[in-house]
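Keep the model open beside this text.

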Amino acid sequence: GCFPDLSEKAIEALIDLCEDEDVSIRKLAIQHMPNLYREDGDNSPLSDILSQLLTAEDETEVQAVKRSLEILLKKDSRGALAGLFFQVNNNDEACREKSLRFLSENVVALAPSLFKGKDAVERYTLDEIKKAFPTVAGDEFPHFMKLLSCLSIVATTEGAQEVVDAVASLACLHEPFQASDSDAIDRLIVCTRSAMPSIRRGAASLQFTEYFVNNAAFFADVASDESRATLYKWLASLCCSPPPADDSLALVATLLETLMEYLPEPPSAADGDESSVVKATARPVDFVAIECLLYSLHQLSKQCPEYFTGGDASGQSRLVHLRQRLQVVGVKSMSEQRTLKSSLAGKTAAVVRKDSTLQSHQESLVACQSISAVIKVFFKNPPVYKNDLLPASITK
């Protein structure tokens, strides 16, 4: 303004008016707050005050606050964001909630004009989000990720890696997997889903992939059918972006050991026909789990094919034992496909969507068909790894 020395007094006067008993006066004071913007000054106090006023009970007053904040954002994006993030990191839960919602809704809506060509503002926003992550609650997480998604910096490999590292810290990958802890499993699933876009952009996924591979043996103990299946599918999704050869080699052995626990054992040599194979595997077969584990093995061993085809006898022995189990699951899969196709015969897609049992049958059928495709890879001499092989039930 024309009298910069009086700006602090002007702010104090407007603050007093923002607390007036008359809502009309409060709204008028709020509307004039952006007029105190200083081109070369710190405008974060203005945004800080307005952020606190987002908790007002009168909806017209709240709308006035949002409009003034948007004006400040357009004039000084960095300063306005500073005031909002100050309230996000404050101990007042109401202010934190309202400020975070404003960031994820109003700021995201204005993102093309706020962030375009403003690398420093994007860098500041990313740093502030990372700073807030350690205290983020489950229902707040989507708001932060929504704001992150509108930053062009996260589309770079370096920025994507920062996102993955920050999300990994929330996923508590350093803690043992507890199949009975549904909250921890939900957190792991949400964090993995949030990290995947960055992983697909080229960020290293080793910390997530290691955790899923090393704990896949315990997924079977998860009580929720939906959560259990989702964990298997995220394992396969992570392996779509496998780590380098040296890291993959260390994981293949663990994953093969887990897969062998899921694959039915072959019958005795005396029983070789299809019916005896089916009867010999009385234990229920989790085709969705096998599909995801088998595909994950395909992706990781593609990075280090010598694990199965190396010159030493151990590599050939692994492949022989795997093929014996795959032959059995292949027969089981074909038998299961006939049963599932029969149950789904004549059912329209609309009917299947309304019936949870039919949905389960449809998913199992897709898994069985995918298993048949992956099995063929391991029966080639040597195994021929395909780049276009993708489980139909994989989590996108």
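Begin with Arg96, which counts as buried because its relative accessibility is 9%, below the 20% limit for that class. The model is a predicted one. The partner of Arg96 is Glu140: their side chains form a salt bridge, 2.8 Å from N to O. Arg96 sits in helix 6 (residues 93-115) and Glu140 in the loop between helix 7 (119-132) and helix 8 (141-149), so this pair ties together parts 44 residues apart in sequence. Glu140 counts as buried too, at 13% relative accessibility.

The structure holds 9 salt bridges. Another of them joins Glu162 to Lys130, with the closest N and O atoms 2.6 Å apart. Glu162 belongs to helix 9 (residues 157-171) and Lys130 to helix 7, so the link spans parts 32 residues apart in sequence. Lys130 is partly exposed, at 31%.

Now go to helix 12. Asp225 and Arg228 form a salt bridge there, the closest N and O atoms being 2.5 Å apart. The two are 3 residues apart in this helix, so about one helical turn separates them. Asp225 is exposed at 55%, whereas Arg228 is buried at 17%. Elsewhere, salt bridges with shared partners join Arg123, Asp127, Lys130 and Glu162 into one network.

Ser227 also lies in helix 12 (residues 225-239). Ser227 is buried, at 14% relative accessibility. Beyond its neighbours within four places in sequence, Ser227 contacts Ile185, Asp186, Ile189 and Val222.

Finish at the surface. Glu8, Glu12, Asp16 and Glu19 gather there in a patch of negative charge. Glu8 lies in helix 1 (residues 7-18) and is exposed, at 59% relative accessibility.

Terms used. Residues are numbered from 1 along each chain as its sequence is written. This is a predicted model: local features need pLDDT of at least 70, side-chain atom pairs count only at pLDDT 80 or more; totals for chains, interfaces and linings use all residues. Side-chain values use heavy atoms; hydrogens and water are left out. Patches are made of residues with over 30% relative accessible area and no salt bridge: like charges are joined within 9 Å, nonpolar side chains (Val, Leu, Ile, Met, Phe, Trp, Tyr) within 5 Å. Accessible areas come from the Shrake-Rupley method with a 1.4 Å probe; for residues, only the protein chains shown count as cover. A salt bridge is a side-chain nitrogen of Lys or Arg within 4 Å of a carboxyl oxygen of Asp or Glu. Lys and Arg count as positive and Asp and Glu as negative; His and the chain ends are not counted. The place of a charge is taken as NZ of Lys, CZ of Arg, CG of Asp or CD of Glu. Helices (H or I, at least four residues) and strands (E, at least two) are DSSP runs, numbered from the N terminus. Buried means under 20% relative accessible area, exposed over 50%, partly exposed in between (1.4 Å probe, protein chains only). Contact means heavy atoms within 4.5 Å.
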